[in-house]
Structures are given as C-alpha cells and as structure tokens.
Amino acid sequence: MMNFLLFLLILAVVQSDEKNGSCKDMLQGYLTGQLSSALGVYQVEALRREFKSFTDVIEKSMKAFEKNVEKKLRNIQSTSNGSAVYTRWGKKSCPRGAQLVMSGYVGGSHNTHTGAAVEALCLPRNPEWGNYRDGTDGNKAYIYGAEYETHGLFGKWHSVNEHDVPCAVCLVRSRSVVNMFPGRKTCDNGWKLEYQGYLMAGYHGHNAGTTYKCVDSDPESLQGGHTSIDGYLFYMVEARCGCLKCPPYVEGREFVCAVCSLEK
C-alpha cells in the first residue's frame, strides 16, 4: 500500500512539473490534503521523508550530468575551434607551448626542373606505402631532399651550408590562426610568437619555382646529410629596391620573419 501511494505521488509530481508547477507545492498539497485523509500523521511524515530523499538523489544526479555535459562541450570547442597547426622549418622539435605532431625531413622538387611543384613538404620519418612499382620510368613527378645553400653567410648559417633540412609539424591549442609575417621578428599585441627566423626560397636563376618559407633562426640539420646533392634548395631572401620601397627596406639586406599565433 505504501509503495503504491509513493508511486502515485511521484507520478503526480512529474505531471505537475510538465505543467510548470512546483514539485514542493504539489507535494505539500497531497500531504496536507488528500493523503492526510487516508493516512495517519506518522505515515504522511514518513512518506514526506522518503520523497525528499528521492528528489535529493535526482537533483544531485542532474547536477552531475550537467557538469559532465558542460565539460565535454568545452573540450569539443577547445579541440575543434581552438587549435592550429603549422610547420617549423629548419628544426626537429616544436617551441615551448606547442605539441609535436611530427618531426620529419623537408622534401620538394629539384631546382632544375621546369615542371616542378613549388611547395616544400614536411615528410614523415616513417613513411607508409600503397600500391607501388619500384624504379623510375620518367612519367612521374619527383620529390627530392632539401639543402641549405648558405655559404659565406653569418653565424651558424655558414656551418649548415649544404646540410639537409629538418622540419617539425606543431599543434597549438587555444589558437584560431597561425600566420607567417615576413620582415618581422616580433608579433603584434594579441599574437604569440611561435618562432622567428629568416625568409628563404629558391635561387632566382633556377628553373623551378619555389615558395617563401620562414626557416628558424637557430637552424638544425639532419645527421649524415652533409653532401651536396642539391634537390630543393633554401637560399636567403634579400630586398631589392625599386618597386619595393626603400626606405623602410634596404637594398641587399636579408629578410627576417616571424611565425605568430592569434591568442583567443
């Protein structure tokens, strides 16, 4: 009998909640009205305690559920809308605050090929393969390794001349945009410096087109890669006055660069 009455009471409260009524008001009405006429004071008080205990458990469970949903939504927002990926050229690792996705080798088209692809790539150290046929037959595009061409330059750049070039793919969270700024080695307000370096590209007299890359100012090289085989080559970029305004630019001066991420 007691369990049946408790079931009726819960059912009545659920129905009242759907009509935007108050659970407490409904409970008070049943306990002081209809139930009082059928049950003794002790039974009504016992029923009141059981119902309060039941509603407390439900309320606690709902709060825990809401917190869990909010946490998952924040995680989804952080990973889907608040992350950015960039390549750090000339380094094997990522700067502090960035997560290393992949450390690899720079590759690209040969500097003498007129039909070359212009973009350099950051290639993985552990490549996977699909269907293949070994041996070159001429009817393909090619990827070569990359080398620094920095003979006679200042500091560490001279020591890495003709060494093979490494790269690192980096992930930064709570960032919406990553951009390379030529002619800058610092970032504007609201932007975070990921790394700074020197602007590099292919030699202007070679057949192959290339793109400008920001190569880290503290360049590293790949072990065992000090042989002049050429391939995709990195040269410093200098300013040439004319259509390029001088000042502020200076004839023959090497360009610096900065890679910056936009802080949310």
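Mentor: Let's start with C170, which counts as buried at 0% relative accessibility. Keep in mind as we go that this is a predicted model. The partner of C170 is C94, and the two are joined by a disulfide with an S to S distance of 2.1 Å. The torsion about that S-S bond is -100 degrees, and the link of C94 and C170 is left-handed. As for where the two ends sit, C94 is in the loop between strand 1 (83-89) and strand 2 (99-108), while C170 belongs to strand 5 (residues 166-173), so this bridge ties together parts that are 76 residues apart in sequence. C94 has 15% relative accessibility, and since buried means under 20%, C94 counts as buried too.

Stay on strand 5 for the next one, as C167 is also found there. C167 forms a disulfide with C122, and their sulfur atoms are 2.1 Å apart. Here the handedness is right-handed, with 95 degrees about the S-S bond. C122 sits in strand 3 (residues 121-124), so to speak at the other end of the link, and the pair connects distant parts of the chain, 45 residues apart. Both C122 and C167 are buried.

C214 lies in strand 8 (residues 213-216) and C257 in strand 10 (residues 256-263), which means that the bridge ties together parts 43 residues apart in sequence. C214 is buried, with a relative accessible area of 2%, and C257 is buried as well, at 0%.

Stepping back, a search of the whole structure turns up five disulfides. If you number the bonded cysteines in sequence order, the pairing reads 1-4, 2-3, 5-10, 6-9, 7-8.

Technical notes. Residues numbered from 1 in each chain as written. Predicted model: local features only at pLDDT ≥ 70, side-chain atom pairs only at ≥ 80, totals over all residues. Heavy atoms only, no water. Disulfide = S-S within 2.5 Å. Helix = DSSP H or I, 4+ residues; strand = E, 2+ residues; numbered from the N terminus. Buried < 20%, exposed > 50% of the residue type's maximum accessible area, 1.4 Å probe, protein only.
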